Amino acid sequence: MRTFKKILLYLFIFILVIAIAAPTYAYFGVVRPALPQADGELALDGLAAPVTVYRDASGIPHIVAENAHDLFFAQGFVAAQDRLWAMEAQRRAAHGTLSEIVGERGLKNDTMMRILGMTESAEADWTTLDADTQSALTAYADGVNAFLAQAGDNLPLEFKILGITPQPWTPIDSLVFGKLVAWGLSNNYLDELVVSQLTQSLAWGEVLALLPDYPGPDVIPDANASILPETADAMMAFYRDLNFTPLTKPDQGSNAWVVGGSHTASGKPLLAGDPHQGLSMPTLWYEVGLHTKDNQYNVVGASLPGLPGVEIGHNASIAWAVTNARPDVQDLFIETLNADGTQYQFKDEWKEVTFREEIIQVKDAAPVTIKVRATHHGPLVTDATPESKQTLALRWTGLDQGRPLAQAIIELNQASNWDEFRAALSLWQLPGMNFVYADTAGNIGFQMSGAVPVRAQNDVYGLQPVSGSDAKREWVGFVPFEELPSALNPSGDFFASANNRPAGVDYPNFLSHYFQPPYRVALISETIRDSQNVTSADFAKLQASWQSDINLQVARAIANEAKPANKQEETMIALLADWDGMMTPDSGEASLSELSLRHILRLVLDPKLASASIDSYLTLAGYPYMFLQNLLDDANNPWWGGDRAGVLTAALQAAMNELTTNVDSDSAQWTWGNLHAHTFSHPLGSVGALRPIFNRGPFPTGGNWNTVDSGAYYADKPYAMTLGPAYRIIADPANWDASLSIIPSGQSGQPFSLHYDDQIQQWLAVEYHILPFSLEAIESAAVSTLVLKP
């Protein structure tokens with residue numbers, strides 16, 4: 001018996017030792033060696049002179065170099081130190097090589113990227129860049145590769161799990177990553193498909209009622225173009241499966257605003273910005289400071305790991321922030337092919353379809369060969385969906401040669417005044433953006449950028465696919481940069497942008513049908529228009545706003561008109577009557593208003609649209625809210641079906657039933673945060689055993705599509721927050737060292753780094769860290785110093 005007990009004791013000790021030793025070995029043998037060196041010295045081939053990298057308490061690298069080459073070399077090096085896996089995943093997503101590492105799960109993404117020809121387009125862009133930009137891209141790539149050489153086998157955990165070794169980074173990888181970012185910001189082809197689905201059930205006048213704020217009665221359907229339900233359905237289904245990276249999903253929007261010195265306590269301008277994008281682990285943005293001792297570069301802010309330079313931030317003279325301008329830069333053309341698919345009809349001629357072959361390598365499966373076809377309009381995207389009954393070509397500005405985004409970023413970083421700022425933005429042709437501007441001289445401004453197509457007949461299409469055989473539907477040029485909306489020192493001494501229409505109704509050029517509702521920009525403008533003695537704290541409060549005007553209108557309509565059938569409904573109506581419209585996580589009224597809003601839309605659309613068509617319609621980011629606004633403004637709107645009170649009552653009842661089913665029978669649990677939570681997800685976090693390593697959350701959150709502090713969600717996955725402020729910055733030209741910023745998760749992409757998730761709680765609370773700029777402030781804030789030596 002004693003022998004048996006000894007055996008059990010030894011077995012227990014053995015298991016305990018293994019339990020301790022295994023994670024210890026995993027950390028010290030696998031994880032820790034992959035964490036970046038932040039102190040001391042490193043010798044690297046490729047540098048001309050020593051470079052100092054100061055990292056502050058948030059892990060932000062502030063790079064001080066002797067020259068531009070070494071600066072961008074070091075930027076590539078530190079980006080790879082912190083975000084190598086994200087850079088690898090994004091370049092694979094853009095090139096269409098995900099299937100090599102994730103198997104068949106990546107095939108749809110790879111098929112679409114190969115059909116688009118993202119790599120070929122990036123290669124064409126390279127030839128149009130100036131020498132300075134090519135040098136910056138090359139230096140950046142050399143810095144990434146210097147990290148690969150220095151790291152050896154000590155790569156981030158994702159590479160170990162997937163059993164892959166990254167190939168050397170190239171300048172084309174940077175450019176194709178920029179294409180992927182632009183793709184996620186330029187997706188109105190999806191809206192055209194949704195509109196096509198609506199036309200299957202509704203008369204054109206009814207369709208336009210669902211698409212308010214269109215340019216006028218001249219918007220008519222193309223009589224020669226009719227897209228079949230099978231085609232639209234197949235393309236929409238294909239799109240929904242493009243989910244490996246949030247960059248293949250459409251963005252929600254952004255906020256950016258600026259006030260002049262007449263509004264501020266300092267007497268100098270103040271600028272704020274927060275782009276709203278998919279939130280993941282790690283986050284899209286990476287903060288960095290870039291400084292050369294000759295002051296050729298002296299800039300700090302948010303960068304995109306994979307691209308040299310800073311996209312949002314400030315230098316010594318100017319600050320800028322951006323929102324998506326949402327220009328209409330994509331059109332679907334319905335092509336007429338001959339019997340064997342080798343020719344297409346254009347006017348009275350038959351033209352040759354171009355062909356190329358792409359071979360997609362697939363992990364644990366045979367390679368997949370696809371034949372990519374294109375017309376002069378663009379690639380035949382329906383080749384990705386064999387079940388489509390028609391052939392659609394995609395025309396997108398992103399596939400045109402000579403879209404020098406990288407050059408625009410480099411020149412923007414060096415701009416020192418309004419004229420140089422605008423000169424840089426004239427090169428920012430993709431994606432189309434709205435920029436707000438401030439400088440130390442006291443000027444503020446706004447400039448739209450982007451290559452916006454001029455169509456032969458702008459007013460008659462852009463809402464749905466058109467015939468490719470009719471020359472009247474061609475692109476005939478682009479709106480000149482000088483004619484894009486722009487303003488310097490406006491009369492009110494402020495400017496705000498929130499993806500709204502950037503110009504008045506008298507603006508002569510067609511820009512888009514796809515602007516966001518005015519709720520965010522209205523709140524921002526109302527807050528800053530008459531403001532005095534404004535400080536960064538006031539801007540921070542505005543960036544934290546969860547006020548939703550449309551939800552408040554829904555609540556008041558229900559409170560005033562719904563007919564309760566029982567005591568509980570009376571209680572809910574009373575709560576809505578007293579609600580202030582704040583979409584806070586602890587608010588039950590926020591839940592009731594949001595769910596009721598969606599049910600109102602479903603109830604009024606249900607008599608004429610199938611459930612699947614309603615689902616598609618609700619994916620349109622702006623139109624459903626503007627349609628609802630028209631309903632709320634007009635009690636006699638025919639879409640109410642003559643019973644507005646009945647619809648409002650039924651919507652409240654449906655919302656209460658949904659909350660009972662999906663949350664709890666106890667209405668005290670019906671808080672918005674119990675429905676509306678966000679999980680910062682990593683691609684490998686979808687694997688159960690890896691989820692606690694890579695993912696963080698869920699975190700109850702506030703806001704929705706129409707709040708300044710966004711808490712947006714995709715309509716096909718209500719109500720879990722998916723999109724939100726991917727970066728927040730408040731730039732202060734009166735004292736650059738007082739500028740504030742925050743990113744959603746952390747600087748590092750390595751889950752065992754202190755900086756993987758150290759900013760989450762600050763971000764959730766809309767708090768900030770100081771963004772040091774002067775060398776004195778950088779050195780004072782530094783918690784580590786790394787010297788890179790030749």
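Which residue's side chain meets that of Glu120 in a salt bridge? The partner is Arg356, with an N to O distance of 3.8 Å. The pair links distant parts of the chain, 236 residues apart. This is a predicted model.

- The structure holds 22 salt bridges in total.
- Glu120 sits in helix α5, which spans residues 118-126.
- Arg356 sits in strand β13, which spans residues 354-360.
- Glu120 has a relative accessible area of 35%, so this residue is partly exposed.
- Arg356 is also partly exposed, because its relative accessible area is 30%.

- Arg91 and Glu88 join their side chains in a salt bridge of 2.8 Å, N to O.
- Both residues belong to helix α2, residues 68-95.

**Salt bridges: a buried pair**
- Asp470 and Arg473 form a salt bridge through their side chains, at 4.0 Å from N to O.
- Asp470 is buried, because its relative accessible area is 17% and the cut-off for buried is under 20%.
- Arg473 has a relative accessible area of 10%, so this residue is buried as well.

**Thr292 in strand β6**
- Thr292 lies in strand β6, residues 286-292.
- Its relative accessibility is 3%, so Thr292 counts as buried.
- The Thr292 side chain makes a polar contact of 2.7 Å with the side chain of Asp294.
- Leaving aside residues up to four places away in sequence, Thr292 touches Ala65, Asn67, Ala68, Leu71 and Tyr297.

**Helix α19 and its neighbours**
- Helix α19 covers residues 611-618.
- Its buried residues are Ser613, Ile614, Ser616, Tyr617 and Leu618.
- These buried residues pack against three helices: α9 (188-199), α18 (588-605) and α20 (623-633).

Definitions and conventions. Residues are numbered from 1 along each chain as its sequence is written. This is a predicted model: local features need pLDDT of at least 70, side-chain atom pairs count only at pLDDT 80 or more; totals for chains, interfaces and linings use all residues. Side-chain values use heavy atoms; hydrogens and water are left out. Buried means under 20% relative accessible area, exposed over 50%, partly exposed in between (1.4 Å probe, protein chains only). Helices (H or I, at least four residues) and strands (E, at least two) are DSSP runs, numbered from the N terminus. Contact means heavy atoms within 4.5 Å. A polar contact is a pair of N or O atoms within 3.5 Å; within protein, one must be able to donate a hydrogen and the other to accept it, and residues adjacent in sequence count only if both atoms are side-chain atoms.
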